[in-house]
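Please keep the view open beside the text as you read.

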Amino acid sequence: MKVTGESWENWLYPMLRRPPAQFARSVIPRRLFVALADALLRKRYNILESGYFQSATIAARYALLLDARSDFERRHLQYVIGFFLEMADMMDAPRKSIKRRIETGLVLRLDGLRRAIGSGRPILAPTIQTSVPLRLLFANLPEEVSYKLILHRQHPGIPKILTKADPAWSFVFLEDRPGRAILEAFRSRQVVVCNVDYAYPGSEVAITKLFTRAGVVPSGIFRAARRHNAQVVPIVVSQREGRVVISAEEIHEWDCHSETPLADLLARVQPIFDAAVTEAPPAWMGWGNLVGRWRMAAEISRQTDAKHVP
């Protein structure tokens, strides 16, 4: 069963890269540009009535009990605009300029990651899109190891950003059947960074609690990590009062006595991401496919129950 995500990259991102928008971005202050884009998308394109926002709002209310008067939709739209605006800026700016902008107000809370690196074992660092995850590439993370980021090629300009990244990074694309490269990264004791708030088509999934109910999460990367006894250190990127905070403070080990070690670890890791989203609900890119993840879990459960009916 396919879990569908958002399709912002098919229209909003290219719109920001067109010459009129590029010129506007160069002369209009960021906050004003976001406000103007917000007004344009709401009034001209009626974006808040789109299927995506309807799905996102339903998911947010189910997960966090948002009331009918919440401005979640408006705030989420502004976040999405800012998200892709920053990516567009990264495409255009030189590496030194990106690092200067990111390091201003950057707060690193990496005690867990540093301790895990010190152990000499491989590390899985799952993350979610609560901010622009690509900021990690320019954040001066601990350099004692190599970092491997797993991502997809939906944005044609992504390679332009990757060529500017800090020297410790290398990359694996989901479209390239990445299994062998991921296993090699664990064998060579690298830090494997992977976005886990989407279950991409064809990927292995498991069921765990997402906010208020059971949902699917990608599990293949965790199974590979367990095979190599990798420590799991969740990373969350958030923005608070103008500061960008990168947190990797907890180390999670596999329970060798558990009959379901994969499920047990996912049940420990997922609340970290749920809590990060709860702090700033509009600043998460996963709302649009969350209902689908709940539905997929329900369907899997029904199929499993049917197999056990005598």
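Arg-75 is partly exposed, with a relative accessible area of 39%, and Asp-71 is likewise partly exposed, at 42%. On this scale, buried means under 20% relative accessible area, exposed means over 50%, and partly exposed lies in between (1.4 Å probe, protein chains only). Arg-75 and Asp-71 form a salt bridge, with their closest N and O atoms 3.5 Å apart. A salt bridge here is a side-chain nitrogen of Lys or Arg within 4 Å of a carboxyl oxygen of Asp or Glu. Side chains of opposite charge can pair when their charged atoms come close.

A word on the source: this is a predicted model, in which local features need pLDDT of at least 70 and side-chain atom pairs count only at pLDDT 80 or more, while totals for chains, interfaces and linings use all residues. Residues are numbered from 1 along each chain as its sequence is written, and side-chain values use heavy atoms, with hydrogens and water left out.

| Pair | N to O distance |
|---|---|
| Arg-75 and Asp-71 | 3.5 Å |
| Lys-99 and Glu-103 | 3.6 Å |
| Glu-253 and Arg-121 | 2.9 Å |

Lys-99 and Glu-103 both sit in helix H6 (residues 95–103), four residues apart, or about one turn of the helix. Helices (H or I, at least four residues) and strands (E, at least two) are DSSP runs, numbered from the N terminus. Lys-99 is buried, at 11% relative accessible area, whereas Glu-103 is partly exposed, at 36%.

Now to the pair of Glu-253 and Arg-121, joined by a salt bridge. This pair links distant parts of the chain, 132 residues apart: Glu-253 is in the loop between strand E10 (243–247) and helix H11 (261–279), and Arg-121 is in the loop between helix H7 (111–118) and strand E2 (123–127). Glu-253 counts as partly exposed at 33% relative accessibility, and Arg-121 is partly exposed at 23%. Elsewhere, salt bridges that share partners join Arg-25, Arg-30, Asp-89 and Asp-92 into one network.

Finally, the helix packing. Ile-182, Leu-183 and Phe-186 in H9 meet Ile-221, Ala-224, Ala-225 and Arg-227 in H10, where contact means heavy atoms within 4.5 Å.
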